[in-house]
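Visitor: Could you show me how to read helix packing from a set of coordinates? I would like a general idea and then a worked case.

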Amino acid sequence: MDNISAIETHELRKVFGERAAVKGLTLQVEQGEVFGFLGPNGAGKTTSMKMLLGLIAPTSGSASMLGSPIGNRASLRHIGFLPEHFRFQEWLTANEFLDMHGHLYGMDIHDLKARISELLERVGLTDFRDKLLRTFSKGMLQRIGLAQALLNHPKLVFLDEPTSGLDPVGRRLVRDIIHELRDEGTSVFLNSHLLSEIEVTCDRVAFIRHGEVVRVLELASLDTNQSDVTIRASGLTQEVISGLTKWGKNIQANGETVNLTISAESALPEITRYLVTKGVEVYAITPQRVSLEDIFIETVGKDGGL
Amino acid sequence: MNSIWTITRMTFREAIRRRIVLTGLILGLCFIIIYAIGFHFIYNSFRGVESTMQNAPSQQALAHIADTEGVNTLMLAGLYAVTFLSIAMAALLAADTLAGEINSGTIQTIVTKPIRRSDVVIGKWLGFAFLLLLYFLLMAGGTVLSVLFQSGYAPRNLLAGMALIYFEDLLIMSISMACSSSLSALATGGVVFGLYGLAFIGGWIEQFGAMIQNSTAVKVGIIASLIMPSESLWRRAAFEMQTPLAGALGMSPFGTISVPSPLMIGYTAVYLLAAVWITIRVFGKRDL
């Protein structure tokens, strides 16, 4: 299994009537990777996910999950899925709900029993195992939905907006579970527009716009390499400002403030020393990490891809 | 197989938890109690007439025939009401099943398991078939037993008649499920009852046509039965259970003059299978 990608798609396309919801999706997700799928509303994120899961038939293109072509039953055996706005069989108790889904996975009864107890404990619902789902709050439903997606010890988990509707404690729980999954070597495909969540959980992200991948980014590269720096100081002359080109680019001066982009953190002390030597009164040097949000806006455009 | 059985159990559990079984049971029992009481009084007034006529043996025989005809008509009237109630139950149970789960999205975590979509259709079908059997046995059984215990009368070919009525329930349920795979629950209800109405009026046109020996009217009725064969099942059931005299005279309001042939029953079976096949095809291909 080592050389097989968790997900591989090639020019996956879906047309609804006149409108192409997904224009040609080509991407690859490796095993054990937490992959974020980002894009504005209506960019085709959910449609793409549904095609992979066999809920929607692609108009053209091909894809496979864990080596099996999509649209057949084998491809779903090691998959977990939590849909967006998940609705439940609310006449079931938490235990019955998980039991039904476990049976649909074809799990062994004894394994299933143990797994249900383990997962109810993990999502903090052990005390509610015999309560009907209709009595559950939104956050509790999202937790039981998450437990449902993990029943079969999946190798690949799809989470569509898993933290929407959750309070901070619930979000923390989802984040911790995603980290645990990664530690176990499980791949996670995460749809979200909560960029802060993506930033702390994902290894890589794909930006999607009008149903196409416009950029794929390693999030680890965000941390140290590039950042914007704001300098606030008095006595900045044109000559001093021009001297800053040694450490950075995109220099913009505005009165007592200068913005520039540096390529390594080690430039900061050197810049400080340089300014002091030039007799400038330095009030603040503030590195501003390029956030995912900046990249998002830059990539999909301020119009949100409309 | 395992996944079909899981879906069947869930369908059954849903009917219990959503109080469909409970309300069906309570109202079904009310129906049987009213029917049994009504039958008691009507039957006793028959007996009253009979006892005043016991002077001569010929009169006694005549009274016995009148008695049997009356009891048979009352039983068929009861079973006719049971037929209507059970097909309404069949239509309503199945109308929301696929449409509702597609609409709410609960279907999404089910069909993304390693199962066939046809397992969902077949599992639900079996669950409904079982629920309808219970409801039908309660209602029809209660009706037949109320008559049997009070008068000792049971119609000929009772089991064949009962099987045909249950078959009609299954037909309606299958059509309702087929519509539910692509229409909303409300539209499904509209289609199923619309078709039922067509079959109903077609059946009456055929009856009257046969009575006045107008072959064109009979043909109109047969065409209606081909479009929707539900009513022909009831008429075949009534034919099986009516008295030979009523059949010969064509007198009984619930009896049958123009009898649907075994070929028509075979056609209906094909119709039912086609409805299930269409459900599997449409639901299998549909974007969810």
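Visitor: In which hand does helix 2 of chain A pass helix 4 of chain A, right-handed or left-handed?

Guide: This is a predicted model, so let us read it as one. Here helix 2 of chain A makes a right-handed crossing with helix 4 of chain A. On the helix 2 side of chain A, the contact uses Ala94(A), Phe97(A), Leu98(A) and His101(A), and helix 4 of chain A brings Ile144(A), Ala147(A) and Gln148(A).

Visitor: At what angle do the axes of helix 2 and helix 4 of chain A cross?

Guide: In general, a packed pair of helices is described by the distance between the axes and the angle between them. In this case, the axes of helix 2 (residues 94-104) and helix 4 (residues 138-150) of chain A cross at roughly 30° and come within 9 Å. Angles under 35 degrees count as roughly parallel, and therefore helix 2 and helix 4 of chain A are roughly parallel to each other.

Visitor: Which domains does the assignment give for chain A?

Guide: Chain A has domain 1 (7-222) and domain 2 (227-289) in that assignment. Taken over C-alpha atoms, the centres of these two domains of chain A are 45 Å apart.

Visitor: How many helices and strands does chain B have?

Guide: Chain B has twelve helices and zero strands. Of its 288 residues, 43% are buried.

Visitor: What confidence does the predictor give?

Guide: Where pLDDT is low, predicted coordinates should not be read in detail. Chain B averages a pLDDT of 89, with 94% of the residues scoring at least 70. For the complex, the ipTM is 0.84 and the pTM is 0.86.

Conventions. Residues are numbered from 1 along each chain as its sequence is written. Chains are lettered from A and ligands numbered from 1 in the order in which they are written. This is a predicted model: local features need pLDDT of at least 70, side-chain atom pairs count only at pLDDT 80 or more; totals for chains, interfaces and linings use all residues. pLDDT is the predictor's confidence in each residue, from 0 to 100. Helices (H or I, at least four residues) and strands (E, at least two) are DSSP runs, numbered from the N terminus. A residue is buried if 20 or more other C-beta atoms lie within 10 Å of its own, exposed if 12 or fewer, and partly exposed in between; C-beta atoms are placed from the backbone. Domain bounds come from an automatic or database domain assignment. Axes are lines fitted to C-alpha atoms, for helices over the stretch in contact, and angles run from 0 to 180 degrees between N-to-C directions. Angles under 35 degrees count as roughly parallel, over 145 as roughly antiparallel, 65 to 115 as roughly perpendicular and the rest as oblique. A crossing is left-handed if the near helix is turned anticlockwise from the far one by less than a right angle, and right-handed if clockwise. Two residues are in contact if their C-beta atoms, placed from the backbone, lie within 7 Å.
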